Amino acid sequence: MSSSAIAGVRVLVVDDDEGVREAVADYLKDCDAEVTAVSSAEAAMWVMSEVPPDVLVSDVSMPRHDGFWLIRAVRGLPIRRGGDVPAIALTGRLDAEEALLRAGFTEVRIKPPDLAELTDLIAGLVARC
């Protein structure tokens with residue numbers, strides 16, 4: 001793992017599954033990313049209003065407001081507030097990729113994610129911006 005690839009990158013991790021959320025957040029922190037991890041779309045929008053991340057990593061299936069709700073809300077924000085943040089959807093549904101990309105996610109990965117691949121993806125997204 002190359003920590004310099006995402007060192008200092010602000011990543012917002014959103015997942016209602018504590019195990020997945022902690023695994024992703026801990027791995028990214030070990031890569032020297034600045035990680036904020038929350039358990040709901042509502043909490044994610046609060047974080048977005050405070051300090052927009054460089055990359056958003058979000059579960060899709062969450063209670064109350066799901067990943068589709070979250071990406072619509074994020075894409076509705078002004079650019080200076082994070083409305084154009086690269087966003088990675090994490091889903092257990094193999095047939096959801098097209099709908100998630102149309103909804104506004106930049107990339108889609110199947111859960112559980114390969115953490116090294118996720119880190120490389122984040123580094124690539126940040127490099128493109």
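User: Which strands does helix H5 lie across?

Analyst: This is a predicted model. In it, helix H5, made of residues 115-128, lies across E1, E3, E4 and E5. The helix runs at about 175° to E5.

User: What is the strand order in the sheet?

Analyst: The five strands form an open sheet in the order E2-E1-E3-E4-E5, and the pairing is parallel. At the edges are strand E2 (34-38) and strand E5 (107-110), each of which pairs on one side only. From one strand to the next, the twist averages 20°.

User: How many bridges join E1 to E3?

Analyst: Strand E1 (residues 10-14) is joined to strand E3 (residues 55-59) by four bridges, and the two run parallel. Within E3, Ser58 is the bridge partner of Val14.

User: And where does H3 pack?

Analyst: Helix H3 packs on the sheet, where it touches E1, E3 and strand E4 (87-91). The direction of H3 makes about 155° with that of E3.

User: Changing topic: at what angle do H2 and H3 pack?

Analyst: Helix H2 (residues 41-50) and helix H3 (residues 67-75) pack at an angle of about 20°, and their axes are 10 Å apart. The two helices are therefore roughly parallel to each other. The crossing in which H2 passes H3 is right-handed.

User: Which residues meet there?

Analyst: From H2, Ala41, Glu42, Ala44, Met45 and Met48 meet Trp69, Leu70, Ala73 and Val74 of H3. By class, this contact has eight nonpolar residues, one charged residue and no polar ones.

Conventions: Residues are numbered from 1 along each chain as its sequence is written. This is a predicted model: local features need pLDDT of at least 70, side-chain atom pairs count only at pLDDT 80 or more; totals for chains, interfaces and linings use all residues. Side-chain values use heavy atoms; hydrogens and water are left out. Axes are lines fitted to C-alpha atoms, for helices over the stretch in contact, and angles run from 0 to 180 degrees between N-to-C directions. Angles under 35 degrees count as roughly parallel, over 145 as roughly antiparallel, 65 to 115 as roughly perpendicular and the rest as oblique. A crossing is left-handed if the near helix is turned anticlockwise from the far one by less than a right angle, and right-handed if clockwise. Contact means heavy atoms within 4.5 Å. Ala, Val, Leu, Ile, Met, Phe, Trp, Tyr, Cys and Pro count as nonpolar, Asp, Glu, Lys and Arg as charged, and the others, Gly among them, as polar. Two strands pair if DSSP finds at least two bridges between them.
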